[in-house]
Amino acid sequence: KTGKVLGEFCRCYKEQFGVALFNSVRYEIEGAGGPQAQLLHRKVPLEDHVIYSGNIFQYIEENKKWRNRFCVVPHNYGLVLYENKLAYERELPPRVLVNSAGYKILTSVEQYLELVNNSLPGITPKSGHSPILKCPTDFPLILWHPYARHYYFCVMTGKEQEKWRAVFQDCVRHCNNGISEDSKVEAPAFTDAIRMYRQSKEQYGTWDMLCGNETQVLSNLVMEELLPELRSTIGPRLKGKAPERQRTWIQVSDAVYRMVYELAKAQYDAAVARCEQERPQLESTIRTDMDQIITSKEHLASKIRAFVLPKAEVCVRNHVQPYISSILEALMTPTSQGFAEVREVFFKEVTDMNMNVINEGGLEKLVEYMEKLSHLAFHPVKMQSCYEKMDQLKLEGLQQRFDVSSTSVFKQRAQIHMRQQMDDAVYTFETLLHQELGKLQGKDDLCKSIQRILERVLKKFDYDSSTVRKKFFREALLQITIPFLLKKLAPTCKGELARFQELIFEDFASFILVENTYEEVVLQSVMKDIMQAVKEAAVQRKHNLYRDSMVMHNSDPNLHLLGEGAAIDWSEEYSGQQPEAEPATDRRRRAKQVVSVIQDDEGALPYGVVAEGLLQPGSPEPREEEEERPGVPSSPPGTVREIREALEQESLGDEMPAGAGTQRATPSSPVPRAEVPSGAGTRRAAPAPPVPRAEVPAAGQGAT
């Protein structure tokens, strides 16, 4: 099945590669106007930072126990789980590496059991039977995937659950956006090939599983076709009670997904290599014959337009035009509220910092606060109030009418824009402030300067926010309406397209495709209405959108030159001390972290103490390798003093000599999903296939 699907896909990819290369070279030569961004863009947002870390309980399927794990999220948003914090600091191999692309975050066992029951129809546990999973606390966090392995976590309080949920959702959001937008040829060739392949199977509309990197997306494409066949073949042969059969089915699905991933990766990599080999020759032809290719394409488009446009315009007038304003309003309200919240959070953080700097001690405090502010956009808990505005997005009846399977693709796209706008605003603010610091005299000057820079940045933010949102609305409207139109027009137009093939010169057949030109004509039929709807919203100043004619002249002509400089390290530049070399273990321990504490410490026992009480009911006794660690009491201590003593004993490893950090411990069961070489904090782990546990660096990658 993988060979068949990848064979068809790679044929589509080769065709789309030539078209994407032509479009890229044409754009490079002709260029395209557009509003210039006012805010600066940070090139490497999270270099040398860990995003967050903390203790969390994980359910270990191999021995059916809940165990305390130390979870680290480096700057690439992989989830890295260690035996404990000491294992992380000593650079011991992690237990598990998780790439969360395609996962859903569930906060109740009932939600999870419903999805599991639906995944294998006809197998539902009878009342009174033990379900597939029991959680020892009321605050579970479950990572569910339609094909890959599931991960089970829990915490002690509702407040912790909210924080970890924000953390996990940030990871999913980032990993889902796994196809690099920096690639101007490979990325559009890939996404267009996916769309063409699915349309050849009569699948139009949005696709929820277009998430992750290219190989993950292809694995999802194969599994979408393979899973029903697999379920009908293997489902009836599963033995045991319903929960056991469900557990076995999840393991079978995960094993097949891994096999598919490996096969898909090999075939896709080979197809990309072949295209790259041909690229120099194709690019040479494009540059030599650019004018002739454009003339040939315009001739083809005029013929297709004459045939398709009358039908398309009737379809637009009857089935699309009446609903454009409703779709736009449904998109505008939550998105604009989210961007307004980004502005408010940024304003509040800078204003609070300004007050605290004045009250607490000038420049030294400024350095401390700027270190925190510089990574505000990547603080999942502080950004959550912005992101959750998109939860209001509902297309109601429009979703069924236009075959939109889910609004999640639009929600996540808007949330990624929010994070980017926040980081651009923060980076512009810190760049301007850094430039001013040498000229300031005393606290009063500092206070006034911060306020003045904040006002400048907010003006730039409002302009860029309007530009980004208008572009997002236009793209979302096209994503909703174009597949609908193509599906409607297919019965009368699709079969007639073959006759236009003879209009393309053979020499240019790699750069001009009838199918793509047909889609461009359909897009033109609705584009005017979409542009007009967004323009009218801006003219009416709805949701603080600016008119297209409103051009903000660059009031800081040298600002973008400042953005080209080296990243600002506030602590090193203004601490007044020369950085000294330090052992790797100390470096990891003091790694800069966006979120320093996840646990809600009020009224909860320490995680190391509670861990022994969180065993799955009826689970076997611990194996020898899983015996209690030295220094941790076998039963929960009864007094605060005993708890403190237990924690002190568990942290004795901090006093070990630096050399001890390079020794490799024998990992205890369960076996980790991937091993990390000891000692080398900057080396990447060798991931186990497929990517749900892959492409996460050794924890030191984000920390050293």
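Colleague: Where is Thr492 placed?
Modeller: Thr492 is in helix H12, residues 442–493. Helices are DSSP runs of H or I, at least four residues, numbered from the N terminus. This is a predicted model: local features need pLDDT of at least 70, side-chain atom pairs count only at pLDDT 80 or more, and totals for chains, interfaces and linings use all residues. Residues are numbered from 1 along each chain as its sequence is written, and side-chain values use heavy atoms, without hydrogens and water.

Colleague: What does Thr492 touch, not counting residues up to four places away in sequence?
Modeller: Phe307 and Lys311. Contact means heavy atoms within 4.5 Å. The C-alpha atoms of Thr492 and Lys311 are separated by 8.7 Å, at 181 residues apart along the chain.

Colleague: Switching to H6. Where does H6 bend?
Modeller: At Leu226, by about 40°. Pro228 follows within four residues. The bend is the angle between axes fitted to the seven residues ending at a residue and the seven starting there.

Colleague: Now rings. How many aromatic pairs?
Modeller: The count comes to 22. Rings of Phe, Tyr and Trp (its six-membered ring) pair if their centres lie within 6.5 Å; planes under 30 degrees apart are stacked, over 60 edge-to-face, the rest tilted.

Colleague: What are the values for Phe505 and Phe508?
Modeller: Edge-to-face, 6.0 Å centre to centre, with 90° between the planes.

Colleague: Is Phe508 buried or exposed?
Modeller: Buried, because its relative accessible area is 8%. Phe505 counts as exposed, at 55%. Buried means under 20% relative accessible area, exposed over 50%, partly exposed in between (1.4 Å probe, protein chains only).

Conventions. Helices (H or I, at least four residues) and strands (E, at least two) are DSSP runs, numbered from the N terminus.
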